[in-house]
Amino acid sequence: AEASQRTPPVTINIDHLRSWVGQEQHANELLSPALVRQFNATFDRVSGSEMGDVAPLLIHFCLTQPISPGSELGPDGHPARGGFLPPVPLPRRMWAGGGIEFHADIRIGETVSRHSTITDVALKQGHSGPLCFVTVEHKIESGGRRALTERQDIVYRDMVASHPAPQSAAPKPAQTSAPKGGSRHQITPTAPLLFRYSAMTFNGHRIHYDKPYATEVEGYPGLVVHGPMQATLLCQMAADLHGAAPKSFGFRSLSPLFDDCDFTLNAGLVGAAQDGSQGLDMTLWTARQGGPIAMQAQAQW
């Protein structure tokens with residue numbers, strides 16, 4: 001059915017879905033120089049790419065990803081639900097955000113290991129209907145050293161609201177245009193860029209490379225820019241501006257970006273940590289031209 005067609009309300013058994021809390025998954029993968037060269041080419045960056053060199057920030061998003069045969073993929077291109085992730089009966093699956101604590105470098109030529117655990121499943125009500133949030137903790141090791149700990153927040157939602165909004169409902173407030181950062185960089189989300197990132201992360205989600213599916217089935221205005229790719233761009237920007245990789249990096253998706261418009265990476269000035277610690281903070285965000293903040297991030301040193 002197309003996104004414009006109304007469907008009956010979805011019944012969600014949250015107690016059943018919460019039985020997935022504690023589910024674990026393990027994977028290992030060797031970080032090759034070839035993957036680092038592909039990563040740098042995708043992001044137009046230069047870094048060491050020989051055995052033993054420090055790997056680029058957030059390249060772990062491209063490692064130890066689930067590998068499912070085509071026969072086990074769902075209609076959206078994701079692995080069918082009900083394995084490691086709970087079988088949430090809502091069609092749209094997106095990254096809502098996450099947080100990373102960095103402990104040690106990932107180095108080229110080392111085996112990278114991922115130990116993932118589902119830590120929470122929660123149901124909330126949004127403007128467009130039910131939202132189901134799944135929280136996953138990833139512990140990443142490189143060469144036997146703990147490299148980073150990551151919290152991944154996944155949100156599932158319906159294609160459209162289950163029921164038309166009542167006429168008396170208050171209109172949604174107008175979205176505020178994002179401010180311009182003291183440092184800005186413009187990105188053109190070309191189809192090759194989105195395809196390359198999908199390929200490196202072995203991400204079959206069709207909203208990132210299949211425009212007819214993205215627009216006609218899921219009802220988006222274009223291809224969707226990956227949340228992890230935006231996070232990678234912002235983390236790279238933070239490290240470049242400060243001259244060192246952050247100790248922690250958190251990000252939250254507020255609105256989507258599409259391939260129908262350029263977007264900007266923005267950064268504020270480094271200041272005292274907002275949590276009262278002795279560290280330093282930098283606020284970063286993405287936004288399309290004239291649009292609201294799409295992803296907001298915080299880097300801390």
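Trainee: Where is Val-155 placed?

Mentor: Val-155 sits in strand E5, residues 145-157. Strands here are DSSP runs of E with at least two residues, helices are runs of H or I with at least four, and both are numbered from the N terminus. Keep in mind that this is a predicted model, where local features need pLDDT of at least 70, side-chain atom pairs need pLDDT 80 or more, and totals for chains, interfaces and linings use all residues. Residues are numbered from 1 along each chain as its sequence is written, and side-chain values use heavy atoms, without hydrogens or water.

Trainee: Why is Val-155 called buried?

Mentor: Its relative accessible area is 12%. Buried means under 20%, exposed means over 50%, and partly exposed lies in between, with a 1.4 Å probe and protein chains only. The value for Val-155 is 12%, so Val-155 counts as buried.

Trainee: Which residues does Val-155 touch, beyond those up to four places away in sequence?

Mentor: Arg-92, Arg-93, Met-94, Ala-96, Leu-131, Cys-132 and Phe-133. A contact here means heavy atoms within 4.5 Å. Ala-96 is 59 residues from Val-155 in sequence, yet their C-alpha atoms are 5.7 Å apart.

Trainee: What makes Thr-286 a buried residue?

Mentor: Thr-286 belongs to strand E10, residues 280-288. Its relative accessibility is 0%, so Thr-286 is classed as buried.

Trainee: What does the side chain of Thr-286 make with the side chain of Gln-230?

Mentor: A polar contact, at 2.7 Å. The term asks for a pair of N or O atoms within 3.5 Å; within protein, one must be able to donate a hydrogen and the other to accept it, and residues adjacent in sequence count only if both atoms are side-chain atoms. Gln-230 is also on the contact list of Thr-286, which leaves aside neighbours within four places and includes Leu-257, Phe-263 and Met-295.

Trainee: Which residues of helix H2 are buried?

Mentor: In H2, residues 33-43, they are Pro-33, Leu-35, Val-36, Phe-39, Asn-40, Thr-42 and Phe-43. Their cover includes helix H3 (191-200) and helix H5 (227-242). As background, an α-helix has 3.6 residues a turn, so residues three or four places apart point the same way. After H2 comes Asp-44, with a positive phi near 55°.

Trainee: How do you know that Ser-49 is buried?

Mentor: Ser-49 lies in the loop between H2 and strand E2 (92-102). Its relative accessible area is 16%, so Ser-49 falls in the buried class. Neighbours within four places aside, Ser-49 is in contact with Pro-33, Val-36, Arg-37 and Ile-108.

Trainee: Why does Asp-210 count as buried?

Mentor: Asp-210 is in the loop between H3 and helix H4 (211-217). At 18% relative accessibility, Asp-210 is therefore buried.

Trainee: How many helices and strands does the protein have?

Mentor: Five helices and eleven strands.

Trainee: What makes the protein as compact as a globular protein of its length?

Mentor: Its radius of gyration is 19 Å, close to the 19 Å from the globule rule for 301 residues, so the description holds. The radius is taken over C-alpha atoms, and the rule is 2.2 Å times the number of residues to the power 0.38. The C-alpha atoms fill a box of roughly 60 × 45 × 40 Å along the principal axes. Of the 301 residues, 46% count as buried. Among contacts with a separation of 6 or more, 71% join residues 24 or more positions apart.
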